[in-house]
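Please look over the model shown here before reading on.

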Amino acid sequence: IGRNRNWSGFAWAPGLTGRRVANWIALYDFYGASAAPDFQHDLFSALVRQGRHLSRALPGSAEGLEKLYGIRGLAFAGLAFSGRRNWLAQALDLLQQETKKQIHPDGGHISRSPQQLLEALKIFVDIRAAILAAGYPAPEQITHTIDRMAQALRFFRYADKGFAVFNGAQEGDVALIEAALTRANTRGKILSELPHSGYQRATLGRSVLMVDTGAPPAWPHDASAHAAPLAFEFCYGKERMFVSCGTHLLDDAWRDSLRATAAHNSLCIDHRNAGEIRDTGHFGRRPRTVSVERQDSREAILIEASHDGYVPLNGITHRRRFYLGDHGHDLRGEESLTCTTGLGKPAEVALRFHLHPRVLVSLIQDGTEALLRLSGGAGWRFFHTGGGHLALEDSVYLGHGTRPGKTKQLVIYGRMDADIAQIKWALQREGV
């Protein structure tokens with residue numbers, strides 16, 4: 001309070017101001033209720049000034065979560081101070097507008113990030129709780145939005161209760177995720193797809209396949225999105241097998257590197273990203289069309305998807321087909337590359353499969369196959385057909401914390417010499 005009496009771009013930014021106001025008000029009984037009268041006077045004066053500033057600054061130029069944080073602070077201030085119900089009304093109007101902008105009909109966040117979805121859900125839940133604590137009925141729209149968001153959040157969780165590691169998310173704090181879902185108070189069956197957010201989830205037996213079938217979000221919400229169309233993760237029970245490399249919470253250089261296509265279980269052409277990540281952090285060239293079709297039966301699940309991220313570079317469209325059958329013990333993939341404009345020159349292809357650090361791997365059959373061993377003892381065999389050679393290389397995993405974990409990746413290297421090329425691969429459980 002003493003150091004920030006005058007406006008500054010950092011300390012008075014709507015997002016930061018909103019977080020500060022909400023925390024000061026929510027925790028007031030802990031630190032301020034028994035404080036000296038002079039402190040309370042300075043505190044209330046500062047809070048009113050900040051509430052007035054939020055009312056004037058919003059909506060402003062803030063976007064995404066920063067705008068939602070500002071709205072939450074304005075709502076808290078409107079509830080805390082008598083005669084300021086207009087701030088609450090303004091906050092609820094802005095929240096309604098941002099719900100349409102940021103929350104997809106399937107409950108996902110516009111960033112396509114499980115972590116940002118969690119943060120957004122916490123904001124909505126906090127606003128609803130504050131309204132109820134003040135003796136007002138919770139707006140029906142907020143409750144419906146919370147229900148949708150909580151369902152989407154549950155979609156991204158594996159059996160170990162952590163997140164799928166997509167688009168700037170790590171596995172996450174399980175206790176925090178559980179607390180958010182408990183406060184959301186939403187029940188229901190886990191969804192098999194988020195069509196608006198661009199994700200597919202296939203569950204069979206103890207196996208879970210998660211596929212990213214969406215394009216990067218529009219500017220400015222693409223600043224943390226990854227260039228990984230059609231990337232996938234695969235888990236068996238509570239054990240993660242194929243994983244994305246994750247993200248770094250603090251280091252920008254690491255964070256930028258881990259946004260690359262090569263940091264995911266996907267296919268790279270000519271060592272280029274499937275979308276151009278510019279120095280600003282936003283996308284230049286990007287996939288314009290990502291299509292998906294799905295067929296489900298009791299015995300198997302088939303997902304077919306394609307993207308055109310490489311078309312501006314070389315006219316090549318990438319199509320993936322995933323088949324999950326045999327009670328989840330048989331995962332097969334088919335990679336099809338098609339150039340409709342005529343291939344000008346051969347293209348180098350790299351198909352990557354990053355392994356979780358707890359998975360042991362070794363090449364067998366003269367290096368043409370790989371044997372994977374999970375910590376629980378289950379064995380899996382990986383093999384491929386259609387040309388190319390299999391390599392075992394080093395990789396990293398930043399699914400939690402800030403220290404990269406050493407792990408391995410399987411890479412199928414190939415070459416596209418004609419207008420059509422295809423690689424098939426399979427992962428099958430041993431001894432069942």
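The points below cover charged pairs and then one glutamine.

1. Ground rules. This is a predicted model, in which local features need pLDDT of at least 70, side-chain atom pairs count only at pLDDT 80 or more, and totals for chains, interfaces and linings use all residues. Residues are numbered from 1 along each chain as its sequence is written, and side-chain values use heavy atoms, with hydrogens and water left out.

2. The overall count. Across the whole structure, a search finds 27 salt bridges. The term means a side-chain nitrogen of Lys or Arg within 4 Å of a carboxyl oxygen of Asp or Glu.

3. Arg319 and Glu304. Their side chains form a salt bridge, 3.6 Å from N to O. Arg319 sits in strand β9 (residues 316–325) and Glu304 in strand β8 (residues 300–307), so this pair ties together parts 15 residues apart in sequence. Strands here are DSSP runs (E, at least two residues) and helices are DSSP runs too (H or I, at least four), both numbered from the N terminus.

4. Exposure of that pair. Arg319 is partly exposed, at 30% relative accessibility. Glu304 is also partly exposed, with a relative accessible area of 24%. The classes are: buried under 20% relative accessible area, exposed over 50%, partly exposed in between (1.4 Å probe, protein chains only).

5. Glu334 forms a salt bridge with Arg319, and the closest N and O atoms are 3.4 Å apart. This pair links distant parts of the chain: Arg319 is in strand β9, Glu334 is in strand β10 (residues 330–339), and they are 15 residues apart. Glu334 is buried, with a relative accessible area of 13%.

6. Arg320 and Glu335. Here the closest N and O atoms of the salt bridge are 2.8 Å apart. Arg320 lies in strand β9 and Glu335 in strand β10, so the pair ties together parts 15 residues apart in sequence. Both Arg320 and Glu335 are buried.

7. The network. Salt bridges with shared partners join Glu304, Arg319, Arg321, Glu334 and Lys424 into one network.

8. Gln102. Where is Gln102 found? It belongs to helix α5 (residues 85–102). Gln102 is buried, with a relative accessible area of 1%. Its side chain reaches the backbone oxygen of Gly64 at 2.9 Å. Not counting residues up to four places away in sequence, Gln102 touches Gly64, Leu65, Leu68, Gly108, His109 and Ile110. Contact means heavy atoms within 4.5 Å.

Conventions
A polar contact is a pair of N or O atoms within 3.5 Å; within protein, one must be able to donate a hydrogen and the other to accept it, and residues adjacent in sequence count only if both atoms are side-chain atoms.
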